[in-house]
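Thanks, everyone; I would like to walk through the packing inside one model this morning.

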Amino acid sequence: MTIILGIDPGLGTTGWGVVRSVGNRLSHIANGQIKTNAKAGLPSRLLELDTALAAIITDYQPDSAAIEEIYVNKNPQSTLKLVQARGALLLGLARAGLSVGEYAPRLIKKAIVGTGAAEKVQIDAMVQRLLPGVQIAGPDAADALAVAITHAHLAGQPY
């Protein structure tokens, strides 16, 4: 049995999801969203992410983690904020001693839906199908669960 923490990074909202993997069977443990105060300065927001992530790790004791890689936005400022948030999250995962899988958005979509061009609504629908009865906290949490599911299926495999 392996407990996997999946993360969909963002400065404003970071999605997280925890799944249990036993062989090729998956079950939902928890999911949610970390929302930072948009009026706070960048250092405070990064600290909010770090503090919330540390609490999630303490509460659920994952064996490993997975995080979505960066995609380049058309807005360089948005990309920079996303990179900084992701860096803070990676640091928190490393501080907790977790091995971390990193997956491109297109790979996650392909692993969950079957096509790298899948829409968010398709991701949500497939996550609900793969984790029956799950109550998803929002689109970022659905994406985080998709990251965790991808890691469960692909960890240790070349992709």
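Leaving aside its neighbours within four places in sequence, which residues is Leu49 in contact with? Taking contact as heavy atoms within 4.5 Å, the residues that Leu49 meets are Gly10, Leu11, Thr14, Ile34, Thr36, Ala85 and Leu89.

A word on the basis: this is a predicted model, in which local features need pLDDT of at least 70 and side-chain atom pairs count only at pLDDT 80 or more, while totals for chains, interfaces and linings use all residues. Residues are numbered from 1 along each chain as its sequence is written, and side-chain values use heavy atoms, with hydrogens and water left out.

Thr14 counts as buried because its relative accessibility is 1%, where buried means under 20% relative accessible area, with a 1.4 Å probe and protein chains only. The side chain of Thr14 also reaches the backbone oxygen of Gly10 at 2.6 Å.

Turning to the helices, Leu42, Leu46, Leu49, Asp50, Leu53 and Ile57 in H1 meet a set in H2 that includes Ala85, Leu89 and Leu93. The residues of this contact between H1 and H2 divide into nine nonpolar, two polar and two charged, with Ala, Val, Leu, Ile, Met, Phe, Trp, Tyr, Cys and Pro counted as nonpolar, Asp, Glu, Lys and Arg as charged, and the others, Gly among them, as polar.

Methods:
Helices (H or I, at least four residues) and strands (E, at least two) are DSSP runs, numbered from the N terminus. Buried means under 20% relative accessible area, exposed over 50%, partly exposed in between (1.4 Å probe, protein chains only). A polar contact is a pair of N or O atoms within 3.5 Å; within protein, one must be able to donate a hydrogen and the other to accept it, and residues adjacent in sequence count only if both atoms are side-chain atoms.
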